[in-house]
Amino acid sequence: MISQFFVLSQRGDNIVFRDYRGEVPKGSAEIFFRKVKFWKEDGQEEAPPVFNVDGVNYFHVKVVGLLFVATTRANVSPSIVLELLQRIARVIKDYVGVLNEDSIRKNFVLVYELLDEVIDFGFVQTTSTELLKSYIFNEPIVIDAARLSSLGSTGLFMQGTKRMPGTAVTKSVVANEPGGRKREEIFVDIIEKISVTFSSSGYILTSEIDGTIQMKSYLTGNPEIRLALNEDLGIGRGGTSAYDYRSSFGSGAVILDDCNFHESVRLDNFDVDKTLTLVPPDGEFPVMNYRMTQEFKPPFRINALIEEAGSLKAEVILKLYAEFPSNITANTISVQMPLPKYTMRASFELEPGAVGQTTDFKEANKRLEWGLKKIVGGSEHTLRARLTFSQEFHGNITKEAGPVSMTFTIPMYNSSKLQVKYLQIAKKSGTYNPYRWVRYVTLANSYVARI
C-alpha cells in the first residue's frame, strides 16, 4: 500500500507528486531529499534504498539521474515497492519515449494519467504497458532526438554492417512517425554486468556475470518471434569444468549457472535448438535473465602498487590493461582508490600524450579518482600519484590504502559470448520485412583489485 509517489531531479526539484491516501505529510519530498543529501555529506557513499524518518518509510530507486520515490506508514515488503518503482519508470519511458526531466515535464498530463491507472488509492492495479493502452488517451509530446545528450557509441544498434543511433529506440509505444505511419522495427539489447575481484598478485578470486536480454518492440499486430541463441548453450554446470578457459575465446560451450524467462516466452524447442518463441508485449521487457560464474576473460586487468618514498611521502602506480579486441572501444572509465586517512595532498603524472583523462584527489573522503573518456582494446594506460602525508605512517602502508575499484561501459562486446544468432519474425505478407536491431553492452557491476 503506497501513500505517496514522487519523482525528484538530482537538484531536488519536484517533477511529479501524487498523494494517494493523505496519510503522510505534504513536505515528505523535501524531508527525503535533505536526508539523502546529508547522507552523502556525512562521508557515507549513498543513502540506502529504504529508510524510516518519523514513522514514514521511504523507498527510492535512481533511474538515469532521477529519483523515483514512494512513501508509506504501512509495513510493506521493500522488494515489492522497489520493483514497483522500477516498473513505473519503465512504463513512463515506454509512453514518453525517453526518460529525463524535460520529457516528463512536457508530458506531465500523460504521466499523471499513467500514475492514476497504475495505482488506485495506494493499491497497485497493473504495470503492463500493453494493458494500460486501453485506458490512456493522451498523446505523448515527442522530444526532439537532436536535443538529447549524445549517447556515444554505447547507443549504437547493429543490423549486419548497418548502425543506427540508440536514440532510435527512444520512441513512445503509442506515437506514430510523421505522416501517421508506424515504422516496423524491433530492438534487442544483451546487457551484461560483470563482477570481478583480483588478488594483489593479479589472480582472479571471484568472477560473475549478471545478464539480461531486453526487447522493445514497435511491431504492429504483435507477430510471433523466434529468437535463437548459441547452439552450444548449456544451463547448469552439467559436469563442465568451472575453469574451462576455452569458452572465453568462443571455442568452448557457454555455460549459464541459471536463468529465467519472461512469462510470454515459450520453450518448446529450447532444449533442441536453443530458440525462444514469444509474442512480444508492447514496451520494453526482459526476455531472459541469466547468471554465469564460469571463468571468463575479464575485459580489464588492473595493477596497483603503493610504496614509501620518504618519511611523509608515498607513490602510487596504477596500470590498466585493456584485454579486448582493438576494434572495440570502452567508454566513461572511472578508477577509484581510497588512500591512507592521513593523506594531505596528491600530485598526478599521466603518460605522455594522454588525451581525455582526468585526475582528482577527494580530500573529504581521501580518495584518488582517475577518469578516462575512452580506451581502445589492446592498449595500456598508467597513472602515477605522489602522496604527501600529515604524519609519519607506521606498519604496512598497503593495509591503509585500497582496494582499487573501476566502472566502465563497453558497447558491442560481451564477456559471456552469449549471442543472438538470428531473430525471425512471422511474416504477415510477402513484402513484410521489419527492421531488426541488436546491441551488446558490458557494464562493470563490482570490479575490484586488491593491493
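Is Phe68 buried or exposed? Select Phe68 in the viewer: its relative accessibility is 0%, so Phe68 counts as buried. Keep in mind throughout that this is a predicted model.

**Stop 1: Phe68 and its partner**

A pair of aromatic rings is described by the distance of the centres and the angle of the planes. For Phe5 and Phe68, the centres are 6.2 Å apart and the planes are at 50°, an arrangement called tilted. Now colour strand S1 (residues 4-8), which holds Phe5, and strand S5 (residues 66-72), which holds Phe68.

**Stop 2: Leu115**

Keep Phe5 on screen and select Leu115, which touches Phe5. Leu115 also touches Val16, Tyr20 and Ile88, leaving aside residues up to four places away in sequence. Leu115 belongs to helix H4. With a relative accessible area of 1%, Leu115 is buried. Draw a line from the C-alpha of Leu115 to the C-alpha of Ile88: the distance is 8.0 Å, although 27 residues separate them in sequence.

**Stop 3: helices H2 and H4**

Show helix H2 (residues 78-96) together with helix H4 (residues 108-118). How far apart are their axes, and at what angle do the helices pack? The axes are 11 Å apart and the angle is about 140°. The crossing of the two helices is right-handed.

Next, show the side chains where the helices meet. On the H2 side, select Leu84, Ile88, Val91, Ile92, Tyr95 and Val96. On the H4 side, select Leu110, Val111, Leu114, Leu115 and Val118. The residues of this contact comprise 11 nonpolar, no polar and no charged.

**Stop 4: other aromatic rings**

How many aromatic pairs does a search of the whole structure find? The search finds 15. One of them was the tilted pair of Phe5 and Phe68. For another arrangement, select Phe261 and Phe270: the ring centres are 5.5 Å apart and the planes are at 70°, so this pair is edge-to-face. Phe261 is partly exposed, with a relative accessible area of 24%, whereas Phe270 counts as buried at 6%.

Finish by selecting Phe198, Phe300, Phe324, Phe408, Tyr413 and Tyr447 together. Ring pairs link these residues into a cluster.

Technical notes: Residues numbered from 1 in each chain as written. Predicted model: local features only at pLDDT ≥ 70, side-chain atom pairs only at ≥ 80, totals over all residues. Heavy atoms only, no water. Axes fitted to C-alpha atoms, helices over the stretch in contact; angles between N-to-C directions. Helix = DSSP H or I, 4+ residues; strand = E, 2+ residues; numbered from the N terminus. Left-handed = near helix turned anticlockwise from the far one by under 90°. Contact = heavy atoms within 4.5 Å. Nonpolar A, V, L, I, M, F, W, Y, C, P; charged D, E, K, R; others polar. Phe/Tyr/Trp six-rings, centres within 6.5 Å; stacked < 30°, edge-to-face > 60°. Buried < 20%, exposed > 50% of the residue type's maximum accessible area, 1.4 Å probe, protein only.
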